[in-house]
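Trainee: I'd like to learn how to read a protein model. Could you give me the general idea each time, and then the case in hand?

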Amino acid sequence: HVQLVESGGGSVQAGGSLRLACEFSGYMPSSYCMAWVRQAPGKEREALASIWTATGRTYYPNYRRGRFTISRDGAANTLILQMVNLTPEDTATYFCAAYNTRDGGVCEYKMHTGQTDYRYWGRGTQVTFS
């Protein structure tokens, strides 16, 4: 019943910035993880950032904290991923995802351990370089 639709992908120069958005709709619990996950060609999915909606707390892999920033525009029902200092290695399809849980610790643990088993997924938006 939940739908996630990503947008904002495209071509970017190395060192540039890009802002991705995910519009979410449908019936969702009041507390859940919302996350950005990417998949590069020939590689497995990689968790980038998540937000625990009950508190607004955000989580990142330690090696990407600061370069990618997740936020939620509640009024617009939109999840944002602001990416800076991009490199060709960031070429990938970027997905919006969500996971239902009342336990914020689960949301945190999933991100810090690199888990990508979220329940709901968008179709992705592609980021390339020029």
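Trainee: What is the mean pLDDT of the protein chain?

Mentor: pLDDT is the predictor's confidence in each residue, from 0 to 100. Where it is low, the predicted coordinates should not be read in detail. Here the chain has a mean of 91, with 95% of its residues at 70 or more. Confidence is lowest in helix α1 (residues 104-112), with a mean of 91, and highest in strand β11 (residues 125-129), at 97.

Trainee: Back to strands, then. In what order do the 4 strands of the open sheet come?

Mentor: In general, strands of a sheet pair through backbone hydrogen bonds, either parallel or antiparallel. In this open sheet the order is β1-β3-β8-β7, with antiparallel pairing. The edges are β1 (3-7) and β7 (68-73), each of which pairs on one side only. Follow the order along: β1 and β3 (residues 18-25) share 5 bridges, with Val 5 partnered by Glu 23. Then 6 bridges join β3 to β8.

Trainee: And which strands pair with β4?

Mentor: β4 is joined to β9 by 8 bridges, running antiparallel, and Arg 38 has Tyr 94 of β9 as its bridge partner. β4 also pairs with β5 in the antiparallel sense, over 7 bridges, and Val 37 stands opposite Ala 47 there. β4 and β5 make a hairpin with 5 residues between them, and Gly 42 in the turn has a positive phi of about 75°.

Trainee: Where is a positive phi found in a residue other than glycine?

Mentor: Most residues other than glycine have a negative phi. Asn 85 has a positive one, near 50°. Look for Asn 85 in the loop between β8 and β9.

Trainee: How do I read burial, and how many residues of β4 are buried?

Mentor: Buried means under 20% relative accessible area, exposed over 50%, and partly exposed in between (1.4 Å probe, protein chains only). By that rule Asn 85 is partly exposed, at 47%. In β4, 7 of the 8 residues are buried, so the rest of the structure largely encloses that strand.

Trainee: Which residues have the most contacts inside the largest nonpolar core?

Mentor: A nonpolar core is a set of buried Ala, Val, Leu, Ile, Met, Phe, Trp, Tyr and Cys residues joined through side-chain atoms within 4.5 Å. The largest has 27 residues, and Leu 4, Met 34, Trp 36, Leu 81 and Met 83 have the most contacts inside it. Apart from that core lies another, of 10 residues, including Tyr 59 and Cys 107.

Trainee: What does Met 34 touch?

Mentor: Contact means heavy atoms within 4.5 Å. Leaving out residues up to four places away in sequence, Met 34 touches, among others, Leu 4, Phe 24, Ile 70 and Cys 96. Now try Thr 116, in the loop between α1 and β10 (120-121). Thr 116 is buried, at 14% relative accessible area. Among its contacts beyond four places in sequence are Val 37, Ala 47 and Trp 121.

Trainee: Last one, the helix. Which residues of α1 are buried?

Mentor: An α-helix has 3.6 residues a turn, so residues three or four places apart point the same way. In α1 the buried ones are Gly 104, Cys 107, Lys 110 and Met 111. Seen down the axis, they fall within an arc of 125°, so they line one face of the helix. That arc is taken from the directions from the helix axis to the C-beta atoms. The cover over these residues includes β4, β5, β6 (57-59) and β9.

Definitions and conventions. Residues are numbered from 1 along each chain as its sequence is written. This is a predicted model: local features need pLDDT of at least 70, side-chain atom pairs count only at pLDDT 80 or more; totals for chains, interfaces and linings use all residues. Side-chain values use heavy atoms; hydrogens and water are left out. Helices (H or I, at least four residues) and strands (E, at least two) are DSSP runs, numbered from the N terminus. Two strands pair if DSSP finds at least two bridges between them.
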